[in-house]
Amino acid sequence: MREKEIRLALVCYGGISLAVYMHGITKEIWRVARASRAFIAGDTAGDGSQGVYRALLEEIEVEQKLRLRVLIDIVAGASAGGINGVFLAQAIATGQSLEPLTDLWFEKADVEALIDPEAAPSSRYSKMWALPLAWMAARRTDQDIEELVESGARDEVRAKLSHFVRSRWFEPPFGGARFTGMLLDALAAMKAAPAGPRLLPDGQPLDLFVTVTDFRGHPERLRLNSPPEVIETEHRLVFPFSDHGEGGDALGHAAELAFAARATSSFPGAFPPFTVGELDGVLADRNLAWPGRAAFLRRMLPRQAAANAIDEAALIDGSVLANAPFKPAIDALRERPARRPVDRRFVYIDPSPGTKFHLGDGARTSTPGFFQTILGAISELPRKQPIRDNLDAIAERSRRIEQMRRVISDIAPEVEGEIEAVFGHTLFLDRPTAARLAGWRRRAQIAAGKKAGYSYAGYGQLKISRVVDAVAMLLYQVGGEIGPDRWHRIHSLTEQAVRDRGFGEAGPTFVGGASDATVAFLRDFDLGFRIRRLRLLTRRLSDIEEAHEEAVITPFRDALYESLAGYLERKRTDFHLRLRGDARRLRTDAGPLLERLAESLDLRHLDDATDERLATALAALPKNVRRPLLLTYLGFSYYDVATLPLLQGEGLDEFDPIQVDRIAPDDARSIREGGAEATLKGIQFNSFGAFFSRAYRENDYLWGRLHGAERMIDIIVSTLPATARMKPGRVAAIKRAAFHAILDEEQDRLGAVGGLIDVIRAEVGLP
């Protein structure tokens, strides 16, 4: 049975009251992860949609001979997506349940619950004159409301909208401290509910990124030619969290998670800017301790901490400057372990794609008016900007990797011929041992250097430069003190230490030679070379494994991925945390710290263990399987000379091509066409609609679950090989089963939209 992981990096957009819809989607993604874990562990997955997902995975295993595991190991979010991202990450890391949050969303995501008591109107007549302004701002009249809002919700919407517009003017109507308390309540409810196991394998880290906007900004130095340095103000912040593969409370204290969720969702005008003092006050009122407060604030707000100005920081909605936080999620891929083949997906949740904003009357072709232009420029346009730049970056990376694969495929016959010429045909009849494998590898590397000629010197210098960059980045991340100044200092000191010790001198040369110091440097620090070599071997194994019995291939595959995991583990920051103090104190000579890092990496001993493991696994293979794998392994130096410059120094150790999937109302059409306009209520009043009606929240939550189920089934099925086919109509039947399971689960809970469930059942059809 072949095995593969579908690893999801989830990117959650902002959406104001559509946070409720996104809760339904993330809840379904969480259920897929629970079903997958139960499937792998041989446990029952439970009833409802989880049972449908497990049955799908079992069917794929039986019909396609492919054992899939679905993991969510990276979560990035902004604004409403940031809140949902925090809750989902906490559930994955701890095994806690998202179920308690649903009723909290229904009860607390309401204008009456969110309005600050001091901002509420003093009487029913307070600012009654302002009520028509609300309709005008949203291009609504009372007649429009009759057409827009269902009869059962009209009175509720009118009353709550009236309360909202008659609340405190020229100050945010929603209470910041009140919302912070709600977030703490939500995290406490999750912790109090029965929990299951962590939803990632042991040692698999979960990374969470939450975008925030620093309203006042903080100074950043930029290096130029002239003047040599300028100071500019940076407003973008990304709050990173990781459980380092440990689970439990390692992701963060409840106060820290609430800090990030409250800051990222501080929608301008609706909530006051978030401050550390607000959280301190809420914690004091509840007598809750925050043991790691000082260290956390230094890590998240290093510039303010250095200036002793943390209390003055004013943080607002993360979607103001980064509504689609792809970049931190892409960066997190560098520290992913790999124990089996991986299908990497970036899945982004966009609750209202393509939704246009309308401020004022007039045809779409007319010139925008005064207020329309101002409000659009400062609020709507930045949030609606497409993610083309992010997708282009991912596509360019994938294009280069595909180009590299073509190069490897084209030169493979020549490389194999060179290896056979160096060793002779009898090599592949010998029984490999660890000593032989190491000797063969060194001999092949020398031959590759000589054969490359003039190009080898450039390749070697590029490789040394990339190793220096990687070492400096690792020390920078271990130190945990962010900022371009800190990075440039560490990189400069690392380069100087390398030069002082002669690591880059006298090699590599045109004839493949290198000084003993350079060879020693690469043996101690060139982690990327080892990873690239094993990555190439995994791809070669994938090419040949389908032609052989699984029982023949499995022992070697296990040995290969176990070896790769050991090297990838050493790329992770948390593996070297013992060096954090030394990295932070680095001011002059980096040499002693490099020596300690070499001890921490311990690559020479890891090489010996890898040789032993691979030699044993290779010796057990039939000759017709062993030969192509050995040819690839020993020929790696030839491939690396050709491909490292092609990938701008990244090499094979980075990633396979990344596929991008979207979850949005427009993409889930099995039940109803028309996208958000046909299904969601929260898009009304500039996406504030769900705050004014529980019925709206129930509606959006239910559609979130249904849309999430449909798209997750699509994503799982799309990972099947191109030659695999499910039975005609089978995918549609699985979706119908999931839809009915969800409707059955929610039948008794959704009291405000009971009729909707019957309508959707009719649209879905028979299971």
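## A helix on the inside

Which residues of α26 are buried? They are V625, R626, P628, L629, L630, L631, T632, Y633 and L634. Put another way, nine of the twelve residues of α26 are buried, so this helix is largely enclosed by the rest of the structure.

Helix α26 covers residues 623–634. From its first C-alpha to its last it reaches 16 Å, close to the 16 Å expected at 1.5 Å a residue.

## The whole chain

Before going further, keep in mind that this is a predicted model. The protein chain holds 32 helices and seven strands. Of its 767 residues, 55% are buried.

What about contacts along the chain? Take those between residues at least 6 apart in sequence: 80% of them join residues at least 24 apart.

## Two helix pairs

Two packed helices are described by the angle between their axes and the distance between the axes. Here are two pairs to look at.

Start with α4 (residues 99–108) and α9 (residues 176–192), which pack at an angle of about 155° with their axes 9 Å apart. Since angles over 145 degrees count as roughly antiparallel, that makes α4 roughly antiparallel to α9. Their crossing is right-handed. On the α4 side the contact uses P100, L101, L104 and K108, and these meet M182, D185, A186, A189 and M190 in α9. Sorted by class, this contact of α4 with α9 has seven nonpolar, no polar and two charged residues.

Now turn to α17 (residues 434–452) and α27 (residues 636–643). These helices pack at an angle of about 40°, and their axes are 8 Å apart. That makes α17 oblique to α27. The crossing of α17 past α27 is right-handed. From α17 come A444, Q445, A447, A448, K451 and A452, which meet S637, Y638 and V641 in α27. By class, the contact of α17 with α27 has six nonpolar, two polar and one charged residues.

## A buried loop residue

Is I671 buried or exposed? With a relative accessible area of 10%, I671 is buried, because buried means under 20%. You'll find I671 in the loop between β7 (659–663) and α28 (675–679).

Which residues does I671 touch, leaving out those up to four places away in sequence? They are W703, L706, F739, I760, E763 and V764. Look at V764 in particular: this residue and I671 are 93 residues apart along the chain, yet their C-alpha atoms are separated by 5.7 Å.

Most residues other than glycine have a negative phi.

One is N287, in the loop between α11 (276–285) and α12 (293–300). Phi of N287 is near 55°, a positive value in a residue other than glycine. N287 is also exposed, with a relative accessible area of 73%.

The other is D602, in the loop between α24 (591–601) and α25 (603–619). D602 isn't a glycine, but it has a positive phi of about 50°.

Technical notes: Residues are numbered from 1 along each chain as its sequence is written. This is a predicted model: local features need pLDDT of at least 70, side-chain atom pairs count only at pLDDT 80 or more; totals for chains, interfaces and linings use all residues. Side-chain values use heavy atoms; hydrogens and water are left out. Axes are lines fitted to C-alpha atoms, for helices over the stretch in contact, and angles run from 0 to 180 degrees between N-to-C directions. Helices (H or I, at least four residues) and strands (E, at least two) are DSSP runs, numbered from the N terminus. Angles under 35 degrees count as roughly parallel, over 145 as roughly antiparallel, 65 to 115 as roughly perpendicular and the rest as oblique. A crossing is left-handed if the near helix is turned anticlockwise from the far one by less than a right angle, and right-handed if clockwise. Contact means heavy atoms within 4.5 Å. Ala, Val, Leu, Ile, Met, Phe, Trp, Tyr, Cys and Pro count as nonpolar, Asp, Glu, Lys and Arg as charged, and the others, Gly among them, as polar. Buried means under 20% relative accessible area, exposed over 50%, partly exposed in between (1.4 Å probe, protein chains only). The expected span of a helix is 1.5 Å times one less than its number of residues.
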